[in-house]
Amino acid sequence: MKRTSIIAFLLILTLLVPMAASAATDESTLNGYPLQKGIYEGVTIKLVQPWWTATDDPKYEENTRVYREFEEHTGAKVEFITVAQDGDAFEGYKQAVINMVMANDAPDAVIGTTFPVPAWVSKNLIQPWNKYMDLSDLAAKNISPMAKGPFAIGEDVYGIQTPTTPIDNAMAIYYSKSAFENKGLDDPYELYTAGKWNWDAFIDASNALTYDGGSGAIDHFAIAGWYIIDSYQPFIAANGGDTVKIGEDGKPRFAMNDPETVFALNYAIEKMPLHADKLWPLIESYDWDIGALLFDGTVGMLHECYWWYDTALETMGEDLGIVPFPLGPDYKGEAVSRDYLEACYGWYLMAGAKNPQATADLYGYLWYANKEYDVPPPAVKGYPEIFGDRYDDIQLWTNNAALETARAYPGLEVVVANIYTAINANGVTPANATESAAQEAQAIIDAILAGN
């Protein structure tokens with residue numbers, strides 16, 4: 001062999017060796033994520049979901065691709081089991097999951113709201129994800145801040161969001177720009193960007209938007225919304241309040257008698273022209289189509305979920321404005337907003353899971369594959385074409401929403417409803433109403449945590 005041929009052969013060999021080593025290294029990773037090829041050959045990961053979050057929706061197409069990549073690399077099969085509608089949506093679905101567990105056929109993971117966390121933990125139905133995966137890196141960095149608390153008890157995280165678990169029940173204030181212009185009011189979004197969108201500005205606008213349009217009585221109202229007219233939830237959330245908080249001892253405690261919540265209730269009752277006695281009959285007369293009140297100018301603002309945005313945009317066009325509920329004076333956090341959120345979905349790792357480690361690796365890879373999002377926008381991913389120049393705003397506002405906590409403790413909602421009845425119908429002060437209910441509320445919380 002000629003000298004030049006030998007040199008050429010050796011040169012090619014030196015190039016091939018690193019390539020072979022790289023190929024060998026690829027066996028232990030999936031697109032850079034540490035995951036051994038073929039590690040779960042023959043394993044079936046069973047995931048249960050309700051019919052309303054079925055993953056054949058086009059917005060889940062990207063994550064379907066990720067599932068297939070995981071299957072091809074690890075040898076596992078990802079099987080989705082969809083629970084059909086049966087009676088009450090939430091309760092029927094939860095019971096279906098419990099029935100699977102009782103029949104010794106527990107799935108590996110189920111999607112659900114945060115509501116059952118305390119009860120399911122106390123009954124040993126779910127186990128923490130951090131037992132099988134490092135949440136300090138990928139998942140914890142990406143989970144929306146508002147979702148961490150309700151999904152966790154102490155240091156254990158029982159539910160994790162993924163890009164397939166939308167939280168589009170987060171809320172904001174939709175408003176008619178022309179309604180504000182006609183009253184000589186500053187645009188709320190412009191006030192927000194200038195750092196001047198606060199409770200005083202909100203009350204000033206609300207008073208101006210509440211007036212008699214010629215009927216001889218008040219027939220134009222400031223704002224409508226399911227949770228603002230007589231339960232004041234946005235005020236409570238925006239002022240840093242919650243129904244249940246984690247105490248200094250690490251245990252959930254009833255918190256509606258905290259100063260920031262009492263202040264929020266007093267402020268809303270004393271200063272906000274809500275007119276619940278007129279608005280509820282009016283909403284009923286609209287066949288509960290609450291958005292129509294904004295469309296026809298009966299109200300200047302509407303407190304509604306993000307999923308309603310495309311409907312509002314289609315009807316109102318450029319007259320539509322959107323802004324978060326303004327932060328209250330007692331809010332001590334760093335977020336730019338803290339609006340109310342009724343429900344949030346996440347995946348739970350079942351205590352009876354047959355393949356917990358494989359399931360944790362699946363979701364670890366799912367987060368990794370979506371790593372281009374520093375904070376993923378679960379409520380709005382896939383919808384930038386709808387939200388336009390508000391896309392980044394809505395992503396930010398959603399991730400800082402304040403999740404409802406009362407529904408996690410069956411029976412507590414009744415206590416909370418009684419508090420509002422005492423305030424609204426009986427004239428009891430917020431301080432007395434919340435303090436009188438505190439002992440009963442805490443007993444319900446403690447009973448759920450004890451597994452009763």
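A residue is termed buried when its relative accessible area is under 20%. In the predicted model examined here, tyrosine 232 and tyrosine 420 are both buried by this criterion.

The structure contains 24 aromatic pairs. Another pair, formed by tryptophan 347 and tyrosine 363, is tilted, at 5.6 Å centre to centre and 35 degrees between the planes. Because tryptophan 347 lies in strand 17 and tyrosine 363 in helix 15 (residues 356-369), the pair ties together parts that are 16 residues apart in sequence. Tryptophan 347 and tyrosine 363 are both buried.

Lysine 183 lies over the face of tyrosine 211, at 3.8 Å from the ring centre. Arginine 390 is placed over the face of tyrosine 189, at 3.5 Å from the ring centre.

Strand 17 (residues 345-350), which holds tryptophan 347, pairs with strand 5 in the antiparallel sense over five bridges. Within this pairing, glycine 112 has glycine 346 of strand 17 as its bridge partner. Strand 5 also pairs with strand 3 (residues 44-50), in the parallel sense and over two bridges; here valine 48 has valine 110 of strand 5 as its bridge partner. Strand 5 (residues 109-113) is mostly covered, with five of its five residues buried. In a regular strand, side chains alternate between the two faces of the sheet. In strand 5, Ala109, Ile111 and Thr113 point one way, while Val110 and Gly112 point the other way.

Histidine 275 has a phi of about 55 degrees and is located in the loop between helix 11 (259-271) and helix 12 (276-285). Its relative accessibility is 24%, so histidine 275 counts as partly exposed. Aspartate 287 likewise has a positive phi of about 55 degrees, and is situated in the loop between helix 12 and helix 13 (291-295). The relative accessibility of aspartate 287 is 65%, and this residue therefore counts as exposed, the cut-off for that class being over 50%.

Definitions and conventions:
Residues are numbered from 1 along each chain as its sequence is written. This is a predicted model: local features need pLDDT of at least 70, side-chain atom pairs count only at pLDDT 80 or more; totals for chains, interfaces and linings use all residues. Side-chain values use heavy atoms; hydrogens and water are left out. Buried means under 20% relative accessible area, exposed over 50%, partly exposed in between (1.4 Å probe, protein chains only). Helices (H or I, at least four residues) and strands (E, at least two) are DSSP runs, numbered from the N terminus. Two strands pair if DSSP finds at least two bridges between them. Rings of Phe, Tyr and Trp (its six-membered ring) pair if their centres lie within 6.5 Å; planes under 30 degrees apart count as stacked, over 60 as edge-to-face and the rest as tilted. A charge sits over a ring if NZ of Lys or CZ of Arg is within 6 Å of the ring centre and within 35 degrees of the ring normal.
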